[in-house]
2 protein chains.
Amino acid sequence: MKVRRPSDAEIGLIPRGALVVATMDPYGAEEAVSAMASAGLVAVAMEFMPRITRAQVMDVLSSQANLAGYQAVVDAAEVYDRAFPMMMTAAGTVPAARVFVMGAGVAGLQAIATARRLGAVVSATDVRPASKEQVESLGAKFIAVEDEEFKAAETAAGYAKPMSAEYQAKQAALVAEHIKKQDVVITTALIPGRAAPRLVTASMIAAMRPGSVLVDLAVERGGNVEGAVAGEIVEVGAVRIVGHRNVAGRIAATASQLYAKNLYAFVETLVDKEKKVLAVDYADELVKATVLTRDGAVVHPAFAPKEAA
Amino acid sequence: MKVRRPSDAEIGLIPRGALVVATMDPYGAEEAVSAMASAGLVAVAMEFMPRITRAQVMDVLSSQANLAGYQAVVDAAEVYDRAFPMMMTAAGTVPAARVFVMGAGVAGLQAIATARRLGAVVSATDVRPASKEQVESLGAKFIAVEDEEFKAAETAAGYAKPMSAEYQAKQAALVAEHIKKQDVVITTALIPGRAAPRLVTASMIAAMRPGSVLVDLAVERGGNVEGAVAGEIVEVGAVRIVGHRNVAGRIAATASQLYAKNLYAFVETLVDKEKKVLAVDYADELVKATVLTRDGAVVHPAFAPKEAA
């Protein structure tokens, strides 16, 4: 069991046939996946755990995204040179910070909740109509072009579907206008297996108020914010863009605790409790969804050679 | 008008008779005060503003302490490697951080409020009995040896008075036991014109849990925490001690806004509004309390040569 995909050097040290469970981050790393297949490993990618009730306790993406959403707000508060809450003092009132969260998935909802806790005035956007109620239930304002297309947008699986060019243009105009009035913008939009969508352009940043802060949680996937640099805090004019890598790992103790629980719950399904031996059932839907390589071959449908699919 | 005391080089550039209003930080800087006197400056120390109703809007100590209390919690959350709020997730419950605030003045009360906002379980201590109700009204637990001496401890002016050696020993034992169970300790105890009291000893730190964080807001006055270093984050065993200088200045925009308001309100009392000229009334209690030097001499009672007092 590992946190991340084994390196080439590590692969050579693992015996053939061994089960390697980790967050494999396989997209764009097809060579590394092939290397694990060639080494005869059974590589299991935790992040492909299906989002079904039984596997919720093993859902590493949700557990880590939740922490990233919290930490994004702490990082923003640390970099921002004003206070988040409204303060009524003898020397006058300090207005509350305006925080805009783009993408209201697990990370976005936790970012909204944390920014609200700290006393900010929070708004959020998402292309899934169902997120409106979630955003509003956390006390944030929902910002989106709510036309007929939007209302019909949610897929049966609850994921966002691609919107028309017209809708995207209308939404971008609304967001551009909204961002001008924000102090902090936190972007959380990730699409599995694809580059992160560009949500904030350089011209939007140029229109922001001096001292504003952007935090890009998608920076390792290409970034939602134009100009964000992975692992750095960059200044663009009078605005700062925070691009920390592995944001959940910035609260390492909690991240490890939850990941360990995810792993433990999954491994419990892989053992025969009476005989106390490993007994992987390759027909189990959890195993089928997460096994990348087996018996020397890449077997996962998203990565297997086309003729094998 | 300045933020800080003029340097020797600056003093030479200021014409004789000029009014210099700043946070002078004069204790331990008697030579600099004498230099301002010799240069013929009227040096006015904002931090000596009396704590009366009329001068509340000019109270720079309160306005900056409030911000320091907020920022101390943000800094603690940034350094602490777990989350502050309790999180109930599919992968298990993350417990809330335990935060202990030592000293419940303006900075301490804002630290309590901010840590509570972030979802921490907060406790606090202070030697003034009146602070118990304030601490509890913010939802924090009050920790102190509440014997007869404690109940009689508050002075007429509302400031802490020195406690007996017996009381101090009992209180230290209680605090030492309490600190063992804390994740974050924020110390805010300052006494005007004297070194900061030592509240947390090395042996108390050695008993803290691995990963715990201390933030010492008194580090520039000698520190409440043994081993704290001004301007640094130091590791002592598995515990980190945060010793940032000028913590209010870490949220510079808000700090400047409030300080400007403090200065403006004070300067309004120094001008003749009809004639639109500077008209300092040296008999005014605000001026009497804050003027350090005038007519070539050190005139403030706390600094004037003994024969002149």
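Start by showing chain B and chain A together: about 3,200 Å² is buried between them, with carbon and sulfur atoms giving 56% of that area (buried area being the accessible area, 1.4 Å probe, that two parts lose on being put together, summed over both). This is a predicted model, where local features need pLDDT of at least 70 and side-chain atom pairs count only at pLDDT 80 or more, while totals for chains, interfaces and linings use all residues. Residues are numbered from 1 along each chain as written, chains are lettered from A and ligands numbered from 1 in written order, and side-chain values use heavy atoms, leaving out hydrogens and water.

Next, select the contact residues (heavy atoms within 4.5 Å): chain B and chain A each bring 39.

Now pick R250(B) and E78(A), whose side chains form a salt bridge at 2.7 Å, N to O (the rule: a side-chain nitrogen of Lys or Arg within 4 Å of a carboxyl oxygen of Asp or Glu). The count between the two chains is 2 salt bridges.

On the side of chain B that touches chain A, α3(B) gives the largest share, 9 residues.

Last stop: β10 (233-236) and β11 (239-242) of chain B, antiparallel and joined by 4 bridges (strands pair if DSSP finds at least two bridges between them). V234(B) has I241(B) as its bridge partner. Between the strands sit 2 residues, and in this hairpin G237(B) takes a positive phi near 60 degrees.
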